[in-house]
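Student: Pick one part and take me through it closely. Keep it brisk, and give each cut-off as you go.

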Amino acid sequence: MAIFAIYSCSSDSSSNSENVEVERVESTPAEETTAEVDPMQDKGIGPISSVELGEIDETMAAEGKETFKTLCSACHKIEKRFVGPALLGVTERRTPEWIMNMIMNPEEMVEKNKLAKDLLAEYLSPMANQNVSEEDARKILEYFRSEDNKQ
Amino acid sequence: MKTIKNIIYTLVAVLVLASCGNTSSKKKDSKSGALSGNAAEKVYVAPGEHDEYYAFVSGGFSGQLAVYGLPSARLFKVIPVFSVDAEKAYGFNEETKPMLNTSYGFVPWDDSHHPDISQTNGELDGRWVFINGNNTPRIARISLSTFETEEIIEVPNSAGNHSSSFVTENTEYVVAGTRFSVPIPQKDMPISEYKSNFKGALSFISVDQETGHMGIKFQLIMPGFDYDLSHPGRGKSHGWFFFTTYNTEEANSLLEVNASQNDKDYIAAVNWKKIEEYVNNGGGKKMPAKYAHNVYSDETHTATSTMMNEVLVVDPTEVPGAVYFLPTPKSPHGCDVDPSGEYIVGNGKLSADLTVHSFTRMQEAIEGKKFAGEAYGIPILNYEDVVAGVVKQPGLGPLHTEFDDKGNAYTTFFISSEVVKWKLGTWEVIDRKPTYYSVGHLMIPGGNSRKPTGKYLVAMNKITKDRYLPTGPELTQSAQLYDISGDKMELLSDFPTVGEPHYAAGCPADLIKDRSAKIFKLDENKHKYAATSESEAKVVREGNVVHIYMTMIRSHFAPDNIEGVQVGDKVYFHVTNLEQDFDVPHGISMIGANTSELLIMPGQTETFVWEPKQEGVWPFYCTDFCSALHQEMQGYVRVSAKGSSVPISYTLDGDPTDAE
Ligand SMILES: [Cu+2]
């Protein structure tokens, strides 16, 4: 009786936790398959489903660097392993979608995405959500591409 | 046994159903059913659910303002206002010390009494809540976005700032009336010459509608009575303000006897619009007066205190038609205006009856120039000409009245410890319920506006005696929640409060909760000593002053190893929280620092001062459990002898923090 009541009210609720509940069910098979796929095929979980990459835009990269400095550099360095992994070469290890989803949606990523879960197991500090906008996340990605291109 | 089990199952199911809908219709349904007498169900807010109302309950002599949810009566936050609060570093960190500055210097405490929520068109708008400090007269404005005290203005020429802080219909003014009359300006004189020499100032403090910033527009210098409580007119009486008085005898000693001689005292009716016009046309006199005006900025995360040096005073006899006295029996205390603005209720605390004046009759008497006489040049109207009705013998010691949305009034009785419900217009008593014990104010959410709600009433008691587990001679203070949605009031719960629950203001949660701030944006941080990224973290020596620009994020400080500090230095820790996520504050404290911890919100910068007294290596750490690695959030400062050659250095993981 009580269980029925709980179930019935979640169906007409629009709170965030209910949405998470729904996604969790759907994401289970995806989670299993990522274990076998190439990381360069894994787009992660979050608002970004596809990113089109062109020539490296150095203006965007410079703006991305500034945002990175304010919001990310307390835990990430480019060349040095710090609180989180060194970011040099990240665009060769991860898809652009995965990188942006990790920046924008870290809580869900470390909970459900195999690659992100493995990183948490290794580094122990969960990635902080710094409320980065899609525009800024895209610029940070450009900064990473620019850094990787220099090598 | 089986029947009891079934009943329990049914109860559980009903509770679950009632709690999952935020829609009140479901709750109403369950109320009209067989469980209508179930007080526990009515105050139950299931885990994870939100309350329907906010209640801002003053802390009385704690000087603070507590935020509760109704109907659960759960305490969410204590907002420091007039008293220092080590938990939040209020009055301890360098940023908020100026908030407690006054013309007497730093005053770390006050007695906070009457919160009132800002209004637009006579309805609560949820922008700010104002509250008065009684002892060293001050008015504070608290943001209902950040839930922090943003501004405090001192009120000169005032003492025992009690008929405060009530707002007019569009928050044009927040009003502060003096309880104690004093020499204006202050001077050395015999106390026995009180009569006709002491004066009472009623201050009209204008509020900037954009910023909320306050400024004293004018002070009305009234006869030397005690101005006890006040309320604005609304609707038809908008533009007027009403103040109860006692001690119209102008006694200066043993007031409990000597201020209770007159059969009637007055309610002073002040036409503030008329005085505003007079002042705007150059009326009034500027007089020297020292008072502090303290403003906190969410951009600099810092308060500034400005000492003001003059105030505009108005002599009421020079503005004809601006002030009248309405005779009101026996030392009236509460002064409450009904939602329509027609009725002004004077609660004569030594009277057996409640007196209700009519605004319409008052205006007719003024037009007909029917005066009974005058006091210090201010016309006194005839009691018979202004009274609308009398509630006969409702109880003993009436104090305060609030209103619901159905034309009912509710008055507290201190001596007989009860709330009495009566009907506006017919003046008949409908219901009465005991309080436990000695009730002062009461609050109905929206009860000070044109649109009160009619669901809950909070009674605030002065004494609890046997209501709770005893805790030594000092017992908790307490409030009580009543359901007033039906014909009869129903007591739902008792709840303990922080300090004395002197008065409260309440409003529907929807008015505020979606506008509640979540973080401060780092790129908007204009604090003078902010380090908005680790690359800006540094340590700078200026003579014997050392400024540490430090950052914090889960779960480290930058820098966390500092050397080159010396005994005798004055070390400022300016600490910026780099987090940009909701609900991730960090704290910091330093061994031996003669101050409190800091509790820093995401994007915010705060500062504490440490004066190391001994050589050694001294640790600091994060005080707010912030993450799984919170215990690792720590650092060291090396302190060398005065004049030592150890250079200033600051590192994190072996590298200087400002290295690329
Ligand atoms: Cu911490």
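Tutor: Start with A:His76, in the loop between α3 (58-71) and α4 (90-93) of chain A. Helices (H or I, at least four residues) and strands (E, at least two) are DSSP runs, numbered from the N terminus. The model is predicted, so local features need pLDDT of at least 70 and side-chain atom pairs 80 or more, while totals for chains, interfaces and linings use all residues. Residues are numbered from 1 along each chain as written, chains are lettered from A and ligands numbered from 1 in written order, and side-chain values use heavy atoms, without hydrogens or water.

A:His76 has a relative accessible area of 13%, so it is buried (under 20%; exposed is over 50%, partly exposed in between; 1.4 Å probe, protein chains only). Its side chain reaches the backbone oxygen of A:Pro85 at 3.1 Å.

Now the copper ion in chain B. Its protein donors (N, O or S atoms within 2.8 Å of the metal, or 3.2 Å for Na, K and Ca; water is not among the atoms, so sites may look incomplete) are B:His586 (ND1), B:Cys622 (SG), B:Cys626 (SG) and B:Met633 (SD). They lie 2.1 to 2.6 Å from the ion. Along the chain, their spacing is H-x35-C-x3-C-x6-M.

Technical notes: A polar contact is a pair of N or O atoms within 3.5 Å; within protein, one must be able to donate a hydrogen and the other to accept it, and residues adjacent in sequence count only if both atoms are side-chain atoms.
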